[in-house]
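Please consider the following model before reading the report on its fold, its surface and its aromatic contacts.

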Amino acid sequence: MATLPIVNEALILPSLPAYSSQEVIVHLAEPLKANQYVAPSYPQAVIEREREFPTGLPTEIPVALPHTEARHCYAAGIAVATLDQPVTFRQMGAPDSLIDVEMVFMLAISDPKAQVEWLKRLIDFFQGKGNLSALKRFSNSAQMAQFLRTGLGV
Amino acid sequence: MAIKNIIVACGSGVATSNIAAEKLKDLLRDRNIRAEVRAVDIKSLEMEARHADLLVTITPYATRDQELGIKVLSGIPLLTGVGVDQLMEQIVELNK
């Protein structure tokens with residue numbers, strides 16, 4: 001299906017050293033830009049959106065899903081970082097709550113309606129028992145990409 | 001009161017409310033609750049609420065300073081999986 005993005009290992013950064021949510025966003029945006037998934041305006045737009053609508057989620061292993069409007073995105077893609085040192089994101093729906101996030105899934109959404117299906121698969125993957133902890137144990141991006149492909153069915 | 005129309009709102013409408021709405025549809029089907037579920041933009045919330053029985057919201061901005069006149073529940077469990085059963089129990093209860 002054309003609307004399901006291929007999990008691209010070039011967008012996966014295991015054990016990313018970072019001290020803030022903004023730093024993670026900027027790092028993860030680099031391969032997205034280099035591989036033509038997003039426009040140069042993307043990282044700043046994500047940072048601003050995160051400020052207004054935070055995306056931290058208190059899942060089994062806390063995650064964040066930074067993203068922004070489709071006009072900054074050329075193609076559907078998912079950039080992933082695992083963090084050895086958690087960074088603080090604010091919680092989706094409860095911006096006064098802080099979450100120590102250990103994995104970040106940054107989304108390039110170029111067609112929100114068409115891409116709901118894979119976003120839903122991603123949420124199902126988060127909710128699957130043991131999935132996030134298994135993903136976090138991998139130390140190389142090829143293994144992580146393969147695990148994600150299987151988990152998302154793409 | 002039968003719950004017939006449910007609206008799901010998030011802050012910016014990029015994707016989150018659509019995902020939560022899809023999850024909610026599946027969960028309602030499992031419980032044999034026949035309700036229409038729609039993801040709506042926060043900007044049209046007041047208007048949409050007139051035709052809805054329940055608002056499930058991903059953002060607190062949705063309820064701030066607004067008298068929508070309908071029941072409001074948090075939709076965060078739809079995204080995290082934590083607290084889904086409690087959320088669905090509340091909806092079942094409202095549907096009685």
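The text below treats the overall fold, then the aromatic pairs.

This is a predicted model, in which local features need pLDDT of at least 70 and side-chain atom pairs count only at pLDDT 80 or more, whereas totals for chains, interfaces and linings use all residues. Side-chain values use heavy atoms, with hydrogens and water left out.

Chain A holds five helices and five strands, taken as DSSP runs (helices H or I of at least four residues, strands E of at least two), and from the N terminus their order is β-α-α-β-β-β-β-α-α-α. The C-alpha atoms of chain A occupy a box of roughly 35 × 30 × 25 Å along the principal axes. Among contacts (heavy atoms within 4.5 Å) between residues at least 6 apart in sequence, 69% join residues at least 24 apart. Of the 154 residues of chain A, 51% are buried, where buried means under 20% relative accessible area, exposed over 50% and partly exposed in between, with a 1.4 Å probe and protein chains only.

A search of the whole structure finds three aromatic pairs over all chains, the criterion being ring centres of Phe, Tyr and Trp (its six-membered ring) within 6.5 Å, with planes under 30 degrees apart counted as stacked, over 60 as edge-to-face and the rest as tilted. The rings of Phe125(A) and Phe147(A) have centres 6.0 Å apart and planes at 70°, so this pair is edge-to-face. Because Phe125(A) lies in helix H3 and Phe147(A) in helix H5, the pair ties together parts that are 22 residues apart in sequence. Phe125(A), Phe138(A) and Phe147(A) form one aromatic cluster.

| Residue | Relative accessible area | Class |
|---|---|---|
| Phe125(A) | 1% | buried |
| Phe147(A) | 23% | partly exposed |

Conventions
Residues are numbered from 1 along each chain as its sequence is written. Chains are lettered from A and ligands numbered from 1 in the order in which they are written.
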